[in-house]
Amino acid sequence: MRDLIRRIDSATPPDRDRAVDALRAVAILGVVLGHWLVTALVVDSGTLRCASPLRHLPQLTPVSWAFQTLAVFFLVGGQTGARSYACARARSTSYRRWLGARMARLFRPVAAVVVVWTVAAGAMLTSGVGLVTVHTLLKLVLSPLWFLLVFAALTAATPLVARLHPLWPLTVVLYVDLCRFGFDGPSWLGWINVAAGWLVPYCLGAACARGGPRGRTTGWVLLAGGGAVTALLVLFAGYPASMVGVPGAGISNLNPPTLAAVTFGLAQCGAALLLLGPLRRVLVRPAVWAAVALVNLSAMTVFLWHQTAMMAVTATGLFAGRALPGLHTVPDGPGWLLARLAWLPVFAAALLVCRAAFRTYEEGRPPRTGSRIVREGRPAREEEVRRARGTI
């Protein structure tokens with residue numbers, strides 16, 4: 001392990017912004033923990049159905065503030081996408097080749113998830129599992145894929161939106177919500193915000209990549225301004241306080257994104273910009289940087305399989321013959337939350353198994369006759385080290 005840490009640290013280019021990779025890792029892990037905490041599978045008359053503790057325990061709403069980190073991911077995506085495209089143009093790489101490489105890394109792991117769950121769904125239906133249970137499980141697995149479709153579309157549009165000021169898509173979100181909620185416009189207008197809403201942090205990240213405002217002043221303005229506007233929208237404009245969807249709620253801040261979700265995302269982006277300096281100082285330590293690099297190496301695998309890991313643990317628990325607290329019970333009290341926290345390490349262990357089984361679909365298979373680096377008598381594939389430091 002120490003040898004791997006040294007190799008990753010020494011192989012990292014000195015001009016690489018390690019803090020950006022750390023923000024990506026935090027965003028992905030935030031989404032994973034958020035889903036594990038606010039999604040429950042309840043056993044009801046022999047079937048599994050979804051339930052949310054946010055419906056029964058509204059005092060847990062701050063959990064959605066801490067773990068709804070998609071805006072940070074789009075901020076990092078805009079910054080890395082703009083830089084990557086600029087480097088591709090400098091090397092005279094065609095847009096088609098640049099986009100193909102990025103889409104392959106994004107969607108190879110998706111293909112594995114779709115194939116595995118297609119087979120699993122067929123096997124469950126054939127063995128007599130109820131349609132409601134199968135639908136519940138498939139919805140949990142496939143519903144997060146909307147995020148990848150939006151991210152892929154924004155990545156493909158990078159040459160067009162890289163110089164777009166974030167205020168333009170923010171204005172679109174404002175007018176869409178004004179039409180929907182102020183003038184009783186059609187609900188379908190909200191789906192315009194799926195693109196416009198996430199384009200705001202993506203454009204902000206692209207602006208940072210080309211040397212735009214990214215200092216502490218900008219961070220404080222975004223954090224304070226975004227937080228204040230979000231509070232006003234929640235307190236006086238009827239927006240829900242939860243930043244994720246709550247079953248049974250009339251309005252969801254996330255599906256589709258509302259103005260409150262976008263302003264809250266801007267506050268998160270401000271906090272992310274303020275964290276860049278401290279993160280850079282911490283990530284000088286080789287062990288910390290190695291952990292961040294390895295999380296980034298399997299970020300898509302972790303995102304795509306974390307719900308499967310939770311469901312695998314839930315299904316295994318059914319063999320106990322009774323509903324296990326925090327796993328199969330209704331999330332309607334503090335006891336459920338304490339029990340759920342105790343299950344998180346088990347979910348993480350199951351996720352590590354999924355990562356070991358499917359990470360090659362994201363990282364690619366190392367060449368059979370590839371060159372090797374040998375340091376202190378311990379070999380390692382050069383390809384693996386290069387991927388771990390995030391250079392390809």
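Helices (H or I, at least four residues) and strands (E, at least two) are DSSP runs, numbered from the N terminus. The model is predicted: local features need pLDDT of at least 70, side-chain atom pairs count only at pLDDT 80 or more, and totals for chains, interfaces and linings use all residues. Residues are numbered from 1 along each chain as its sequence is written, and side-chain values use heavy atoms, with hydrogens and water left out.

Q: Why is L48 called buried?
A: Buried means under 20% relative accessible area, exposed over 50%, partly exposed in between (1.4 Å probe, protein chains only). L48 has 9%, so L48 is buried. This residue lies in strand β2 (residues 47–51).

Q: What does L48 contact, leaving aside neighbours within four places in sequence?
A: Contact means heavy atoms within 4.5 Å. L48 has such contacts with V42, V43, V132, T133, T136 and L137.

Q: Is F358 buried or exposed?
A: Its relative accessibility is 18%, so F358 counts as buried. F358 sits in helix α16 (residues 334–358). Residues up to four places away in sequence aside, F358 touches A112, V116, T301 and W305. F358 and A112 are 246 residues apart in sequence, yet their C-alpha atoms are 7.6 Å apart.

Q: What makes W191 partly exposed?
A: Its relative accessible area is 48%, so W191 is partly exposed. W191 lies in the loop between α10 (167–182) and α11 (192–209).
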